[in-house]
Amino acid sequence: MSREFLEGHLGAGGFSRLAVGVKEAAFALGVSQKQVRDWIARGELRAFKAGKRTLIRVEELEGFVRRLEEEAPAHGRKVK
């Protein structure tokens, strides 16, 4: 999730959100909520509980995307 995405999601008083829920994270990543929960359950994506909500820090999402990108093969190259 980029800062640009969050600029449209400001909280009260103009403060940027520091964390998002599973639904928002799934939307930002373009995957299902189940996929996000699976990554959390496997320890691939760090999250925490705030009351009943599961929250993910924006910085964690940004780092997660970078890790996925680094692990992915370059476009057009075959994986051995």
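In which strand is alanine 19 found? Alanine 19 is found in strand E1. The model discussed here is a predicted one.

The relative accessibility of alanine 19 is 16%, so alanine 19 counts as buried; the cut-off for buried is under 20% relative accessible area. Setting aside neighbours within four places in sequence, alanine 19 is in contact with Phe48, Leu55, Ile56, Arg57 and Val58. Threonine 54 lies 35 residues from alanine 19 in sequence, and the C-alpha to C-alpha distance between the two is 9.6 Å.

Now the chain as a whole. The chain contains 4 helices and 3 strands. Along the sequence they follow the pattern α-β-α-α-β-β-α. The chain has 80 residues, of which 24% count as buried. Take the contacts between residues at least 6 apart in sequence: 46% of them join residues at least 24 apart.

Next, the sheet. The 3 strands form an open sheet, with antiparallel pairing, in the order E1-E3-E2. Strands E1 and E2 (48-50) stand at the edges, each with a single partner strand, so one side of each has no neighbour in the sheet. On average, neighbouring strands are turned by 45° against each other, direction ignored.

The pairings can be followed residue by residue. E1 and E3 run antiparallel and are joined by 3 bridges. Here glycine 21 stands opposite leucine 55 in E3. E2 and E3 also pair in the antiparallel sense, over 3 bridges. Leucine 55 in E3 is the bridge partner of phenylalanine 48. Threonine 54, also in E3, is the bridge partner of lysine 49. The hairpin of E2 and E3 has 2 residues between the strands, and in this hairpin glycine 51 takes a positive phi near 70°.

Turn to helix H2. Its buried residues are Val22, Ala25 and Ala26. Seen down the axis of H2, these buried residues fall within an arc of 100°, so they line one face of the helix. Lys23 and Phe27, on the other side of H2, are exposed. What covers the buried residues of H2? The cover includes strand E1 (19-21), H3, strand E3 (53-57) and H4.

Alanine 28 also has its place in helix H2. Is alanine 28 buried or partly exposed? Alanine 28 has a relative accessible area of 28%, so it is partly exposed. Alanine 28 and leucine 61 are 33 residues apart in sequence, with 9.1 Å between their C-alpha atoms. After H2 comes glycine 30, whose phi is positive, near 75°.

Helix H4 comes next. H4 spans residues 58-71, which makes 14 residues. From first C-alpha to last, H4 reaches 20 Å, close to the 20 Å expected at 1.5 Å a residue. H4 lies across E1 and E3, and runs at about 65° to E3. Its buried residues include Val58, Glu60, Leu61, Glu62, Gly63 and Phe64.

One of these residues deserves a separate look. Glutamate 60 is found in helix H4. Its relative accessibility is 13%, so glutamate 60 counts as buried. With neighbours within four places in sequence left aside, glutamate 60 is in contact with Glu44, Leu45, Arg46 and Arg67.

Finally, the core. Which residues make up the largest nonpolar core? There are 11 of them: Val20, Val22, Ala25, Ala26, Val36, Trp39, Leu45, Ile56, Val58, Leu61 and Phe64. Helix H2 (22-29), helix H3 (33-41) and H4 each supply at least two residues of this core.

How values were computed. Residues are numbered from 1 along each chain as its sequence is written. This is a predicted model: local features need pLDDT of at least 70, side-chain atom pairs count only at pLDDT 80 or more; totals for chains, interfaces and linings use all residues. Side-chain values use heavy atoms; hydrogens and water are left out. The expected span of a helix is 1.5 Å times one less than its number of residues. Buried means under 20% relative accessible area, exposed over 50%, partly exposed in between (1.4 Å probe, protein chains only). A nonpolar core is a set of buried Ala, Val, Leu, Ile, Met, Phe, Trp, Tyr and Cys residues joined through side-chain atoms within 4.5 Å. The arc is that of the directions from the helix axis to the C-beta atoms. Contact means heavy atoms within 4.5 Å. Two strands pair if DSSP finds at least two bridges between them. Axes are lines fitted to C-alpha atoms, for helices over the stretch in contact, and angles run from 0 to 180 degrees between N-to-C directions.
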